[in-house]
Amino acid sequence: MKQNSTSWSTKEKTEAEYELYYAMIKEHHPQLFEIKGDSIETFPVDKEKSVFFILKDKDAYFGVYKQESKEAHIVTPAFPAKEDLLQKTLGTSQFEKFRMHSFFLVEDGKAFSLHDNKQLRLNLAKAYKTLTTYENIEQARTFVVKEELKNDPKLRKQSLRRALEEHFIPSDLLGKTVTIQNISNDGQATRLSIVENQKERDVWLPDIAEKWMERVRENPGMKVMFDEVIMDSRSFAEGFLAF
């Protein structure tokens, strides 16, 4: 029991369930920790912290889970082929590894990530069932890239600078607060008339959402970080993902 807490988050419950399961099999099923055979396929679950891999021992294939600070243990029965193991355990044998994430594709075009569905490690206790899915593999990849940009300031600035260079937009405004005096769109591009450090200048952007343009028009002399302006440009969002 967790002290002084009336409710647990989903993540806390999931980890507590695994801690209990791990302690029980360690005590009562030591054979699950007797790992034999050669690793033939590895699937990242939580980047460097946990991994699911497939072992081949003679003519049998086993699924094994290894979490940081814990011993690897078997999480599937024996199967005659790798494809059978994946199909019977995860419901599909189609997968893609993308930037330290393992995605599995299901029949309706959707995809799920082992990172978001760690119940795999309890497979011998209860059948694996995915809880979180993406509408398609493209959405899954996009989510990964956006998370990386969100959590890595250095990568975000690098990708933003690259996007600015591609559209010939001055990068000296990055990280600065500007005052937007006027905004207009001629169908080809959007012109921002801004004041920065008491100097007036025009900046041309390839595409800004109409809703954001209306927000600026309703607030003449609007002060905003130039980075925010770029992030609200749809073309630059695409540039981030391309990077």
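**Salt bridges across the chain**

Analyst: K126 is partly exposed, with a relative accessible area of 40% (buried means under 20%, exposed over 50% and partly exposed in between, using a 1.4 Å probe and protein chains only). The model is predicted, so local features need pLDDT of at least 70 and side-chain atom pairs count only at pLDDT 80 or more, while totals for chains, interfaces and linings use all residues. Residues are numbered from 1 along each chain as its sequence is written, and side-chain values use heavy atoms, with hydrogens and water left out.

The partner of K126 is E17, in a salt bridge whose closest N and O atoms are 2.8 Å apart (a side-chain nitrogen of Lys or Arg within 4 Å of a carboxyl oxygen of Asp or Glu). This pair spans 109 residues, from E17 in helix α1 (residues 10–28) to K126 in the loop between β7 (111–113) and α3 (137–151); helices (H or I, at least four residues) and strands (E, at least two) are DSSP runs numbered from the N terminus. E17 is itself partly exposed, at 34%.

Helix α1 also carries E19, whose side chain meets that of K70 at 2.9 Å, N to O. K70 belongs to the loop between β3 (60–67) and β4 (73–74), 51 residues from E19, and K70 is buried at 12% relative accessibility, whereas E19 is partly exposed at 39%.

Elsewhere, D172 and R201 form a salt bridge with their closest N and O atoms 3.1 Å apart. Because D172 lies in the loop between α4 (153–166) and β8 (177–185) and R201 in strand β10 (residues 199–205), the pair ties together parts 29 residues apart in sequence. D172 is partly exposed at 38%, and R201 is partly exposed at 27%.

Finally, E41, K82 and K97 are linked in a salt-bridge network, and the count comes to 12 salt bridges.
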